[in-house]
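Here is a short tour of a protein chain for you to follow with the model open. Take a look at it, and then we can walk through it together.

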Amino acid sequence: MKKIIIIGASSGMGMRVATDFARLGWRVGIAARREDRLKEIKALYPDRIEYMTIDVAAPDAVDRFYKLIELIDGMDYLLYAAGCGWRNPELDSSRDEQTIAVNVLGFTKIINAAYKYYRDTANLHRGHIAAITSVAGTKGIGISATYSASKRYQWTYLQAIDQLAHQQRVNVSITDIRPGFVDTPLLNGKEYPMEMSIDYVAPRLEKAMLRARRVAVIDSRWAVVTALWKMVPDCLWRRVELID
């Protein structure tokens, strides 16, 4: 029986992936801050889902993460789906600090801990670390400066861990999943261009993870858009008004 840990599973894409894999018969460990939501999800598949409350920004996050691995007796896949971010043209420092706490510090702690788990257990079967990042890492976005910068950090960190695994001969694959706008609570009910539903994104995300793709942009439209963004010189990019 395959086993997957999902960090940030109380809503949105994390919750959807958790229930999809539980329905397929996987052993699923879910984590988030809200215990009430975790209990509700476990109740859907009580024999296949276990949960642990984890605040990735808290000092005990790694210890609780390892306890969750023990609770489901191993980990074949990790999916990091936790994240936060806002439109913040006012540069509200409290929002910036929370974004960094979850998207940078918490992300680093959990990915780091997962890598060490695979390194130290010396599994014969390849381990997998996947994270939902964002196309927002392509360029610095003025109204969401900290969010877009944090996503670029995640891209670079995953790339570095992939290189480290090769150098240290750790049997783990790294998948960076970069969706465009998805209709999840992170969007706060606002409408965005080329917005995608969870039903549309989930199977594409899962396929990318199971096929151990190094980088997966979801979907093809966003792959084209981000390729064009990369070509825009800074002198022109500063004039672009994406969303307000």
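## A lysine in the first strand

Let us begin with K3, which has a relative accessibility of 18% and therefore counts as buried (buried is under 20% relative accessible area, exposed over 50% and partly exposed in between, with a 1.4 Å probe and protein chains only). K3 has its place in strand β1; strands (E, at least two residues) and helices (H or I, at least four) are DSSP runs numbered from the N terminus. Setting aside neighbours within four places in sequence, K3 is in contact with W26, R27, I72, D73, G74, M75, D76 and Y77, where contact means heavy atoms within 4.5 Å.

A word on the source: this is a predicted model, in which local features need pLDDT of at least 70 and side-chain atom pairs count only at pLDDT 80 or more, while totals for chains, interfaces and linings use all residues. Residues are numbered from 1 along each chain as its sequence is written, and side-chain values use heavy atoms, with hydrogens and water left out.

## The chain as a whole

The secondary structure comes to eight helices and seven strands. For 244 residues, a compact globule would have a radius of gyration near 18 Å, and the chain agrees, with 18 Å; this radius is taken over C-alpha atoms, and the globule rule is 2.2 Å times the number of residues to the power 0.38. Along the principal axes, the C-alpha atoms fill a box of roughly 50 × 40 × 35 Å.

Of the 244 residues, 50% count as buried. Among contacts between residues at least 6 apart in sequence, 64% join residues at least 24 apart.

How many residues of strand β5 (residues 127-132) are buried? Six of its six are, so to speak, under cover. G127, I129 and A131 point one way from β5, and H128, A130 and I132 point the other way.

On one pairing, β5 joins strand β4 (residues 77-80) in the parallel sense over four bridges; two strands pair if DSSP finds at least two bridges between them. Here Y77 stands opposite H128. Six bridges join β5 to strand β6 (residues 172-179), also in parallel, and I129 stands opposite I174. Together with helix α5 (residues 145-168), β5 and β6 make a right-handed β-α-β unit: with the strands pointing away from the viewer, the path from the first strand over the helix to the second runs clockwise.

## A kinked helix

Helix α4 (residues 93-121) has 29 residues and should span 42 Å at 1.5 Å a residue, which agrees with the 40 Å between its end C-alpha atoms; the expected span is 1.5 Å times one less than the number of residues. There is a kink of about 35 degrees in α4, centred on A101, the bend being the angle between axes fitted to the seven residues ending there and the seven starting there.

## Backbone details in the loops

Most residues other than glycine have a negative phi, and most peptide bonds are trans. R169 has a positive phi, near 55 degrees; this residue is in the loop between α5 and β6 and is exposed, with a relative accessible area of 76%. A212 also has a phi near 55 degrees. A212 lies in the loop between α6 (198-210) and β7, and at 26% relative accessibility counts as partly exposed.

The peptide bond from I218 to D219 is cis, with omega near 10 degrees. D219 is found in the loop between β7 (215-218) and α7 (220-231).
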